[in-house]
Amino acid sequence: MLTIALMASLLLSSQKNVVKPDTHSYKQKYVVTAYSQGEKGVGNFTYTGNRVKKGTIAVDPKYIPLGSKIYVPGYGWGIADDIGGKIKKRHIDVYLNSRHSASRWGRKYMHIIVYPKQKNGTKHL
């Protein structure tokens with residue numbers, strides 16, 4: 001019994017700076033569009049320096065902090081890792097692998113779930 005209690009306390013103490021995502025998440029309605037390689041102004045790297053890939057989401061950093069986790073229905077999970085000249089206020093742009101897929105996505109109004117990046121050094125699970 002002592003061993004189990006000791007292991008539990010070690011596990012909890014090692015996770016002091018970890019925030020469970022659902023404790024600080026919020027759901028909000030956004031305009032969701034899509035972009036892909038080959039479009040004017042789209043390079044190989046995001047604003048933050050990472051390679052553009054599925055899961056990359058462009059945001060207005062005044063509304064969603066860069067590095068935040070985002071769930072988009074019909075797209076899945078992504079990271080706010082990019083910005084765009086036309087991405088303002090409650091508008092996000094999800095990256096898709098082909099221009100055809102991005103074109104088919106269109107312009108959708110939907111509720112997304114945002115897990116903001118923590119500013120105090122904590123991280124998501």
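This is a predicted model: local features need pLDDT of at least 70, side-chain atom pairs count only at pLDDT 80 or more; totals for chains, interfaces and linings use all residues.
Is asparagine 97 buried or exposed? I began my notebook with that one. Asparagine 97 turns out to be exposed, because its relative accessible area is 58% and the cut-off for exposed is over 50%. I found asparagine 97 in the loop between S6 and H2. I also looked up its distance to lysine 53: the C-alpha atoms are 7.3 Å apart in space, although 44 residues separate the two in sequence.

The average pLDDT of the protein is 81, and 76% of the residues score at least 70. Where is confidence lowest, and where is it highest? I got strand S1 (residues 18-19) for the lowest, with a mean of 38, and S4 for the highest, at 97. Over residues 1-22 pLDDT stays under 50, and for that stretch the model has 17 contacts beyond four places in sequence.

**Entry: the overall layout**

I counted up the elements next. There are 2 helices and 8 strands, and from the N terminus on they run α-β-β-β-β-β-β-α-β-β. The protein has 125 residues, and buried ones make up 35% of them. I then checked contacts with a separation of 6 or more: 70% of them are between residues 24 or more positions apart.

**Entry: the core**

Which residues have the most contacts inside the largest nonpolar core? My list reads Val32, Ile64, Ile70, Val72, Ile92, Trp105 and Ile112, in a core of 23 residues. I looked up where the core comes from, and the elements that each supply at least two residues include strand S2 (26-35), strand S6 (91-95), helix H2 (99-105) and strand S7 (108-115). The largest share, 4 residues, comes from S2.

**Entry: valine 59**

I picked valine 59, which lies in the loop between S3 and S4. Valine 59 counts as buried because its relative accessibility is 1%, and the cut-off for buried is under 20%. Leaving aside neighbours within four places in sequence, I see valine 59 in contact with Ile64, Leu66, Ile70, Ala80, Asp82, Ile83, Ile87, His91 and Ile92. I also checked valine 59 against lysine 86: they are 27 residues apart in sequence and 9.6 Å apart in space, C-alpha to C-alpha.

**Entry: threonine 33**

Threonine 33 is buried, with a relative accessible area of 12%. What does its side chain make a polar contact with? I found the side chain of aspartate 93, at 2.7 Å.

**Entry: tryptophan 105 and the rings**

That sent me to tryptophan 105. Residues up to four places away in sequence aside, I have tryptophan 105 touching Val32, Thr33, Ala34, Val72, Pro73, Gly74, Tyr75, Val94, Leu96 and Met110.

How many aromatic pairs does a search of the whole structure find? I got 4. One of them joins tyrosine 75 and tryptophan 105, edge-to-face, at 6.3 Å centre to centre and 85° between the planes. Tyrosine 75 lies in the loop between S4 and strand S5 (76-82) and tryptophan 105 in helix H2, so this pair ties together parts that are 30 residues apart in sequence. I checked burial too: both tyrosine 75 and tryptophan 105 are buried.

Another pair I noted is tryptophan 77 with tyrosine 115, which is tilted, with 5.4 Å centre to centre and 35° between the planes. This one links distant parts of the chain, as tryptophan 77 is in strand S5 and tyrosine 115 in strand S7, 38 residues apart. Tyrosine 115 is buried, at a relative accessible area of 11%. Tyr71, Trp77 and Tyr115 form one aromatic cluster.

The charged end of lysine 54 sits over the ring of tyrosine 75, 3.7 Å from its centre. Lysine 108 lies over the face of tryptophan 105, at 3.8 Å from the ring centre.

**Entry: a backbone angle**

My last stop was lysine 89, in the loop between S5 and S6. Its phi is near 55°, a positive value in a residue other than glycine. I noted this because most residues other than glycine have a negative phi. Lysine 89 is exposed, with a relative accessible area of 54%.

Definitions and conventions:
Residues are numbered from 1 along each chain as its sequence is written. Side-chain values use heavy atoms; hydrogens and water are left out. A nonpolar core is a set of buried Ala, Val, Leu, Ile, Met, Phe, Trp, Tyr and Cys residues joined through side-chain atoms within 4.5 Å. Buried means under 20% relative accessible area, exposed over 50%, partly exposed in between (1.4 Å probe, protein chains only). Contact means heavy atoms within 4.5 Å. pLDDT is the predictor's confidence in each residue, from 0 to 100. A polar contact is a pair of N or O atoms within 3.5 Å; within protein, one must be able to donate a hydrogen and the other to accept it, and residues adjacent in sequence count only if both atoms are side-chain atoms. Rings of Phe, Tyr and Trp (its six-membered ring) pair if their centres lie within 6.5 Å; planes under 30 degrees apart count as stacked, over 60 as edge-to-face and the rest as tilted. A charge sits over a ring if NZ of Lys or CZ of Arg is within 6 Å of the ring centre and within 35 degrees of the ring normal.
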